[in-house]
Amino acid sequence: MKVSIVAALAAVFVLAGCASLPDSSTPQAIGTIAPSPVTGEVPVPTPGREPNLLLRDFFGASTDPVNRHHAARQFLTPAAADRWDDGASMTIVDKVDVLQDERNGDRASFTIRANKVGQLEPGGSYLATEGSFEAKIQLRRIDGQWRIDELPPGVIMDRPQFLKSYQRNALYFLDPGEAAVVPDLRWISARQENLPERLVDLLITGPKPVLANAVGNQLGNLSAAPITKADGRAEGVGTGFGGVRIDFQGAAGLDQRRRELLAAQVVWTLAAAEISGPYVLLADGKPLDERFPQGWTTADVASTNPTASASAGVGLHALRDGALVTVTDTGVLPRPGYFGSATSLESIALSRDGKWAAGVSTTGHGPETVRTLMGGPIDGDAVPLLKGGAITRPTWSPGDGSVWAVVDGTQVIRADRDPNSGQMSVQPVDSAATAGLGGAITEFRLSRDGVRAAMIVDGRVYVAVVERNPDGRYQLMHPRPAAVGLGSPALALDWSGGDSVVVVRAASEIPVVVVSQDGSRMDALPSRNLTPPVDSADASPTTVFVGDERGVFQLNNNDPAGDRYWREVPGLTGVKATPVLPG
């Protein structure tokens, strides 16, 4: 059954890989995230249960990780319960088929076939996967009751039960410049009253391995006393009002800056999990900061706000007729200088402070086309930085210190800007880790914290980690799929927040979606007022802009679901144009 347009407006949740977004029909709603994990509803062995039904109950019980999956072990024979290595792997599957191979007296064997959609790694990190899953399971009847006697190592989780038992949370670590916090998404199964302790434990343990060389952590050498309400009560921690109190052992030796960064990590992590403040933070029994003895709030760490965006100060621009224009409430205004007077720009990026620009200019036609990356002050002269047959839309790093692009599909470069002279020099970026993804990189965008890069390779979306080596050189590492099951090739993308990417796909219905950077979810944005093909996108945490055949349109993320549709941008209707935000 197809979902109505109202359902599409509400943003369909899709666990990546469970289903593909079709080109000719609206995607079906296949699951929702519970506001908090469902507990106390794990299946238990039912007397007289037939073996095939017992297997399905076992998969449901496998989503409860407490005490080494004690709930699931109740479905095993004592010998199998002793042998089962539940820590070997955690595979999330969909559309499970339980096929009986043989049943003879007190023994039965089954083949389990399913679609593999994800892998849950240690610490709750999600890895989107796709493909088929098959396993053989043997059952034996003991004292009249069927129990599993032989099974492969690792945990198999049925997707619907996984969504009921786990919720997605963001841990926040520090960007290399210690100017912002960086999300590290985890899927956690815990009661709400246990969630603060679980999140703090994960912060102390540190970032997932793929982020270890790209982020910092002020909690790494600390421990935490039992967490209470702000007033010291031990009951109901993490639920309702009353805040939390956390005493960090070993934090007394931190200087003022380290303490502020520690607070930023903790406050943003707890606030994102809807754990209410105030957040009373102590260092070995004394206030972490004498300014906040009654507790911290998000306002006290606003300088590291993970949802902050520079676009509000700089405003919207656009590329129209090969030149840069400023977009106002009533129309557009031309910009002075090279970028405003050019006629051959096919893409452009503005620095986050709006003072610098880098654009790709074209000369020639067809196979003889030559592209040149130009850089300079937004209203001044520009200089050529490099040439190539193909150059992706440029993207600026945090602090506006460099602009990045991909030349001829494979060569990732960055042009460093000297802060004193403004001169720019081109340096290569080691992208060997992306070589195995396929063909050409056609879109490349740095996240606002500079720790990740989203890219399109052969129509597929990947997210890689940006690392800086001790010698100052950069490399792209650990590329992972972020839009498994997209259904149609990706054409354009941009970061809407630290943990999500807007993707334009080559589809007549649902041309724009938002995907989680870990590949765990996909939200279909409304299509009302858009005229495919849509071919460009730029985004901020509050607004998404796209360009189609009739102009540029915007979607406000804060609009009510029933009134959420694409609105025309004044001055950019009836013309072919590309929206441009800083970054």
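Which polar side chain has a polar atom 2.8 Å from the backbone oxygen of Gly366? That side chain belongs to Thr369. A polar contact is here a pair of N or O atoms within 3.5 Å; within protein, one atom must be able to donate a hydrogen and the other to accept it, and residues adjacent in sequence count only if both atoms are side-chain atoms. The model is predicted, so that local features need pLDDT of at least 70 and side-chain atom pairs count only at pLDDT 80 or more, while totals for chains, interfaces and linings use all residues. Residues are numbered from 1 along each chain as its sequence is written, and side-chain values use heavy atoms, with hydrogens and water left out.

Thr369 is located in the loop between S18 and strand S19 (370-377); strands (E, at least two residues) and helices (H or I, at least four) are DSSP runs numbered from the N terminus. With a relative accessible area of 15%, Thr369 is buried (buried, under 20% relative accessible area; exposed, over 50%; partly exposed, in between; 1.4 Å probe, protein chains only). When residues up to four places away in sequence are not counted, Thr369 touches Thr362, Thr363, Gly364 and Gly389, contact being heavy atoms within 4.5 Å.

Strands S18 and S19 belong to an open sheet of 4 strands, ordered S17-S18-S19-S20 with antiparallel pairing; two strands pair if DSSP finds at least two bridges between them. Strand S17 (345-350) and strand S20 (383-388) each have a single partner strand and stand at the edges, so one side of each lacks a neighbour in the sheet. From one strand to the next, the twist averages 20°, where axes are lines fitted to C-alpha atoms (for helices, over the stretch in contact) and angles run from 0 to 180 degrees between N-to-C directions. S17 is joined to strand S18 (residues 356-363) by 5 bridges, the two running antiparallel. Ile348 has Gly359 in S18 as its bridge partner.

Another open sheet comprises 4 strands in the order S33-S34-S35-S36, again with antiparallel pairing. Its edges are formed by strand S33 (536-539) and strand S36 (567-573), each with a single partner strand, so one side of each is left without a neighbour in the sheet. Neighbouring strands of this sheet are turned by 25° against each other on average, direction ignored. Between S33 and strand S34 (residues 543-548), which run antiparallel, there are 4 bridges, and Asp538 has Phe545 in S34 as its bridge partner.

The structure also contains 10 aromatic pairs. Rings of Phe, Tyr and Trp (its six-membered ring) pair if their centres lie within 6.5 Å; planes under 30 degrees apart count as stacked, over 60 as edge-to-face and the rest as tilted. The ring centres of Phe58 and Phe75 are 6.3 Å apart with the planes at 65°, so this pair is edge-to-face. Phe58 lies in helix H2 (residues 51-61) and Phe75 in the loop between helix H3 (66-73) and helix H4 (78-83), so the pair ties together parts 17 residues apart in sequence. Phe58 and Phe75 are both buried. For Tyr126 and Trp187, the ring centres are 6.3 Å apart and the planes are at 45°, so the pair is tilted. Tyr126 lies in strand S4 (residues 125-128) and Trp187 in strand S9 (residues 181-188), so this pair ties together parts 61 residues apart in sequence.
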